[in-house]
Amino acid sequence: MIWTGSESETESVTVTADDGVRLWASRSGRGVEPLLLCHGGPGLWDMFEDVAAMLADLATVIRWDQRGCGRSERCAGPWTTDRFVADLDAVRRHFGLRRITLLGHSWGARLALAYALAHPGRVNALVYVAGTGIGPYTDWHPAYEQNLLARLGRNPEHLARWHELKGRAQLTEEEERERALLQWSAEFADPERGMAYARRMADPWFGVNAECNTSLNAEVKRAADVHRACQALAIPTLILDGAHDIRPRSAVDSLERALPHVRRVTLPDAGHLPWFEDPQGFRQAVHDAWA
C-alpha cells in the first residue's frame, strides 16, 4: 500500500558539515514540531517519502542523506558514528532548530539513539524503528543471516541468483542493484509483494556506499556498552517494530529494559520496513507517541 495522504511542498537544500562535506537535506510538512529522520544502511540513502507524507500534518519533517551516500557529496568519510552524529547536528543547526524529535530506522535507529545520548538537551523524543538494540552484535546477526536465507528461499530462483551475485568479486551497477533488490525483497512479510516493495526502495537508485557500510558495520561489532547511559536517558522513546523482521526482535529487549521512559509497539503484519506493509498502524503508533 502506498500512502495517499497529501504531502506539503518539499524544499531541498545543501547543508555543509563542519569539515566542509555537503549533505543533501529536505524540509516538508505542515506541522509545527520538527521531526528529523535518520535513514537506514549504513551506506544507503533516505527512503522516507511515504513517511514524510503520512506525518505531514503532525510535523515539519526533515530528511537527509548521510555523508557519502545518496544525494550527498561523495567523500572519503570518516565513517564513524561520532562523525555522523556531528553531521546530524549540522542538519539541525542549518534549519535553526533548538530541539528536535528523532525518528531513526535500522542503522538510523542506532544513529538517532547515539545522538540522543550525546545531546539529550536537544531531543524532545525518540522513535526507534526496527533497530537491533544495544547488546552484542552476536545477539542478533547469526539469526538474521539464517532468517535472510530462509526468507529468500521462499523463491528458490531468487536465492540461487542472490548467492551467484554475492559470490562475485566485481559487479556492474545493474548487478549491484539486482542483488540489493533480491536482498531487500526478503525484508517484507508478504512474499507476493516483497519484490515490488524492494523496487520502490531502489527508485531512484544511487548506489550503495560499500566503504561506508563496511566501516560502520565493523564499528557496530565492537561498540561500547551503553546500558548505563541509556538508563539515564530521560527522553520519551517509542520502540516500533514489525513482528516479521528477520532481525530477531529479542535483540531490542535489553534497550527496552534500560530506557526509563519507553513504550513499545509491534505491528503484527509487518517486516523490517513497517510503514510499507502497515502504513496506518505505523502512523497511528507515531501519532500516539507524539500525543
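Which residues do ring pairs link into a cluster? I looked this up and found F48, F188, Y197, W275, F276 and F282.

**Ground rules.** I am working with a predicted model, where local features need pLDDT of at least 70, side-chain atom pairs count only at pLDDT 80 or more, and totals for chains, interfaces and linings use all residues. Residues are numbered from 1 along each chain as its sequence is written, and side-chain values use heavy atoms, with hydrogens and water left out.

**Rings.** My search of the whole structure gave 14 aromatic pairs. One of them joins F84 and W107, edge-to-face, with 6.0 Å centre to centre and 75 degrees between the planes. This pair links distant parts of the chain, since F84 is in helix α2 and W107 in helix α3 (residues 107–118), 23 residues apart. (Helices are DSSP runs of H or I, at least four residues; strands are runs of E, at least two; both are numbered from the N terminus.) F84 is buried at 0% relative accessibility, and W107 is buried at 5%. By buried I mean under 20% relative accessible area, by exposed over 50%, and by partly exposed in between (1.4 Å probe, protein chains only).

I also noted F188 and Y197, a tilted pair at 4.9 Å centre to centre with 40 degrees between the planes. Both F188 and Y197 are buried.

**A charge over a ring.** I found the charged end of R71 over the ring of W24, 3.7 Å from its centre. This counts when NZ of Lys or CZ of Arg is within 6 Å of the ring centre and within 35 degrees of the ring normal.

**Salt bridges.** Side chains of opposite charge can pair when their charged atoms come close. I counted 26 salt bridges in the whole structure, taking each as a side-chain nitrogen of Lys or Arg within 4 Å of a carboxyl oxygen of Asp or Glu.

R283 bridges to D57, with the closest N and O atoms 2.9 Å apart. I traced R283 to helix α12 (residues 279–290) and D57 to the loop between α1 (49–54) and β4 (59–64), 226 residues apart. Is R283 buried or exposed? R283 is buried, at 17%, whereas D57 is partly exposed, at 39%.

D89 and R92 form another bridge, at 2.7 Å between the closest N and O atoms. Both lie in helix α2 (residues 81–94), 3 residues apart, about one turn of the helix.

Methods:
Rings of Phe, Tyr and Trp (its six-membered ring) pair if their centres lie within 6.5 Å; planes under 30 degrees apart count as stacked, over 60 as edge-to-face and the rest as tilted.
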